[in-house]
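Hi,

Here is the structure I said I'd pass along.

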Amino acid sequence: MKVVGLIVEYNPLHNGHRYHFEQAMALTGADACVIVMSGHFLQRGEPALVNKWARTRMALEMGVDLVFELPYVYSTQQAEIFAYGGVSLLNQLPFVSHLCFGSESGKLEELQAVARILATEPESFKQALMAKMKEGHSYPAAYGHALASLLRGSSSDVDAEMIKQPNNILGIHYLMALNKLQSRIQPLTIKRYKAHYHQESMTDAQIASATSIRKALLETPVPDWEAIRPYVPAYTLEILREEYEAGRGLISWENYYPYLVHTLVSQPASHLRRMYEMEEGIEHRFKTHILTSRSAKQLIQQVKTKRYTWNRIQRMMVHILTQCAKQDIQALELHQGPAYLRLLGYSAKGRKLLNRYKKELKLPLIAAIRQDHPPMLDWDLKAAQIYSLGYRSDVRPNEWKRELSQPPLSTSDDASSFSGN
């Protein structure tokens, strides 16, 4: 049996994601699809447009068979750690045979060549990286410059410019994680189709980036549903509208701005300095600019520097909200991979897969939250509570309890329950 794995955010699920899913199934000849999906807060430091349960529904409607949550401590990380967490989780599922990811390159051999070069992190690469960091470049920019320099000095004929594109970089880290884990999973990449990852405008008749879709929905007081209709499946549009009408969306950083103001004003700089990713005195920039900023967007614009990118600032803000400190992350030993398999949703086929391989799973399969859960899961629970602060006030009390009581979602043709371990 062939089972393809995808690492996703679906923020929200759009036609480009559906194309990726369909191509992954077709090119691998897979019998089933498993996804590892970020929870309420995402890799770029953003809150998801709608919660993970709504996005799980979208995935199941598309045809995904199993949905697992990528823990908060991996989903809100730079590309290297994000990729390692996702690949590690898929590697713990004995039935996953393939990993399919999107890239601007679309050339697996080219990406694998770079991954092999980086596997040992040559001294010349480390020196170039540190030199660029000392010049004031952000880590992603310094990494790109150092890697380009390394490629130009090697015998490889890989285009040095291609590694500056976000999906290529993420793909390289997926491949490095597979190599590090000595995984049996076979990689496959699909060329990103039409819309670029960061593209904010809609230039095609049917394919648009998640960034441009979110912008179209959030830039008006009342969401313009018709503006996104051509770019998302009908079920995505329906679920987005349901969440909006229920008071659980559409979520952006502005929903959390008052809470961020309170935290930054009430806590001393010495405490903020302890938060994860907070470095080199940037806590003082937060303390200074929160007094003059009028929105989350304006705060990010004022705090960011050449060294600290928009995404890095957003991730800091997430950790400030959740009060996730450096020592908290260190204690979790992320190099060991996720400590559990949190099941969010399944189809009839997915349930049969889990039942068939359940005894081979080395990590606890969590379908219901118990008191003796792994410590890493506490951060998912906390993130869910913080995320619900962005909901309409009258729905928050029930949503605070949902994380503890919500069973995995199942497709309409599979009414049987799933208890997990």
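Let's start with a right-handed β-α-β unit, built from strand β2 (residues 32-38), helix α2 (residues 52-62) and strand β3. Right-handed here means that, with the strands pointing away from the viewer, the path from the first strand over the helix to the second runs clockwise. Helices (H or I, at least four residues) and strands (E, at least two) are DSSP runs, numbered from the N terminus.

Before going on: this is a predicted model, where local features need pLDDT of at least 70 and side-chain atom pairs count only at pLDDT 80 or more, while totals for chains, interfaces and linings use all residues. Residues are numbered from 1 along each chain as its sequence is written, and side-chain values use heavy atoms, with hydrogens and water left out.

Now back to β3. It runs parallel to β2, with 5 bridges joining the two, and M37 stands opposite E69 in β3. With strand β6 (residues 341-346), β3 runs antiparallel, joined by 3 bridges; there L66 stands opposite Y346. (Two strands pair if DSSP finds at least two bridges between them.)

How enclosed is β3 (residues 66-70)? 5 of its 5 residues are buried, so the strand is largely enclosed by the rest of the structure. Buried means under 20% relative accessible area, with a 1.4 Å probe and protein chains only. Both faces are covered: L66, F68 and L70 sit on one side, V67 and E69 on the other.

A search of the whole structure finds 2 cavities of 30 Å³ or more. A cavity is a set of points on a 1 Å grid over the protein atoms alone where a 1.4 Å probe fits but cannot get out, and lining residues have an atom within 4 Å of a point. Volume is the space filled by probe spheres set on the points, which are joined across faces, edges and corners.

- The largest cavity has a volume of about 70 Å³. Its lining includes H40, W53, Y387 and R402, and the elements giving two or more residues to it are α19 (376-388) and α20 (396-405).

Cheers

Terms used. Buried means under 20% relative accessible area, exposed over 50%, partly exposed in between (1.4 Å probe, protein chains only). On a 1 Å grid over the protein atoms alone, a cavity is a set of points where a 1.4 Å probe fits but cannot get out, and a pocket is an open set with protein on both sides within 12 Å along at least five of seven lines; lining residues have an atom within 4 Å of a point.
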